[in-house]
Amino acid sequence: MTSISHHPGVGLRLPHLAEMVVTRPTAGWLEVHPENFLANPHAAELLTELSAHYPISLHTVGISVGSATGIDCLHLKRIRDFADRINPILVSGHLAWSAYKNEYINDLLPLPYTEEALRIVSAHVNQVQDGLGRPYLIENPASYLGFQSSTMRETDFLSELVQRTACQLLCDVSNVVVSAHNMDFDPYQYIDDFPAGAVREVHLGGYTPEADEATPSAELWIDTHAAPIAEPSWDLYVYALRRFGPRPTLIEWDNQLPSLPALMNEAAYANKIALEVGHAFAR
Ligand SMILES: [Fe+2]
């Protein structure tokens with residue numbers, strides 16, 4: 001399956017894999033983290049079977065385009081080989097870093113938005129696109145802190161990255177909501193400033209409010225992917241679709257997984273919203 005559906009997709013996690021193969025519920029497409037399949041031949045086999053029935057997108061978590069020490073070429077080659085087997089409709093990763101030399105950190109760490117960081121990330125995105133032989137989508141991060149050294153806004157950094165690499169973008173609407181709350185900016189202005197022409201995918205995920213130890217009177221919103229999509233994300237999703245036009249949308253749920261039918265209900269709700277926005281466009 002090589003063409004993407006505008007019916008929303010769902011993130012497919014390993015606990016749902018066998019049920020997905022057996023029940024094959026209606027879904028526009030599926031997105032997986034390829035790193036979870038590289039050392040799991042049985043899971044890779046089931047995913048290959050599913051790829052005959054659903055378009056598959058690969059959302060990488062280990063490529064680390066923000067690492068100053070360079071891209072792990074061996075890992076990139078493994079992802080390329082996996083992509084050649086699955087024939088994904090999209091391949092994406094994060095504007096973040098998660099590796100230092102050969103050390104991997106199970107987190108997506110932030111970057112300063114400077115010319116120096118832009119040069120490094122641009123070189124790595126070019127290298128990744130060449131290595132994969134495919135376009136690579138870069139996702140805006142969920143932020144909990146900023147750097148005083150930053151000289152540009154995140155949306156300016158992403159616009160310039162698109163200019164320099166011809167990469168495409170994944171707009172995670174819930175990340176915008178989380179970052180806007182934590183960093184105190186207007187999420188709607190962020191969507192206005194986002195380079196809409198480069199958006200090829202939209203994410204929606206659940207977040208969790210937690211006490212902020214540094215500022216006890218405040219609340220930090222954490223991008224946990226462990227909850228239903230919250231109202232502020234649905235509201236911003238409507239606004240984003242009006243600005244970007246219809247875009248393939250994915251429900252991300254990674255922790256405290258719901259049942260597969262409950263996950264599909266979230267996708268169905270996203271579809272209802274997308275259809276309403278689409279009808280409003282058509283009028
Ligand atoms: Fe995301």
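**Helix 1 against helix 2**

I looked up how helix 1 (residues 14-23) packs on helix 2 in this predicted model: the angle is about 45° and the axes are 10 Å apart. Two packed helices are described by the angle between their axes and the distance between those axes. Axes here are lines fitted to C-alpha atoms, for helices over the stretch in contact, with angles from 0 to 180 degrees between N-to-C directions. I therefore log helix 1 and helix 2 as oblique to each other. (Under 35 degrees is roughly parallel, over 145 roughly antiparallel, 65 to 115 roughly perpendicular, the rest oblique.) The crossing of the two is left-handed, that is, the near helix is turned anticlockwise from the far one by less than a right angle; clockwise would be right-handed.

I then listed the contacts (C-beta atoms, placed from the backbone, within 7 Å). L14, L17, A18, M20 and V21 of helix 1 meet A43, L46, E49 and L50 of helix 2. I sorted these contact residues into eight nonpolar, no polar and one charged. (Nonpolar is Ala, Val, Leu, Ile, Met, Phe, Trp, Tyr, Cys and Pro; charged is Asp, Glu, Lys and Arg; the others, Gly among them, are polar.)

**Conventions**

I number residues from 1 along each chain as its sequence is written. The model is predicted, so I keep local features at pLDDT of at least 70 and side-chain atom pairs at pLDDT 80 or more, while totals for chains, interfaces and linings use all residues. Helices (H or I, at least four residues) and strands (E, at least two) are DSSP runs, numbered from the N terminus.

**Positive phi**

I checked R24, in the loop between helix 1 and strand 2 (30-32). Its phi is near 40°, positive in a residue other than glycine. H225 also came up, with phi near 55°. H225 sits in the loop between strand 11 (219-222) and helix 8 (231-244).

Buried or exposed: which is R24, and which is H225? I count 11 other C-beta atoms within 10 Å of R24, so R24 is exposed. H225 has 21, so H225 is buried. (Buried needs 20 or more, exposed 12 or fewer, partly exposed in between; C-beta atoms are placed from the backbone.)

**A52**

I found A52 in the loop between helix 2 (41-50) and strand 3 (56-59). A52 is exposed because it has 7 C-beta neighbours inside 10 Å. I put A52 and I86 at 9.2 Å, C-alpha to C-alpha, and 34 residues apart in sequence.

**Whole chain**

Buried residues make up 40% of the 283 residues.

Key
Two residues are in contact if their C-beta atoms, placed from the backbone, lie within 7 Å.
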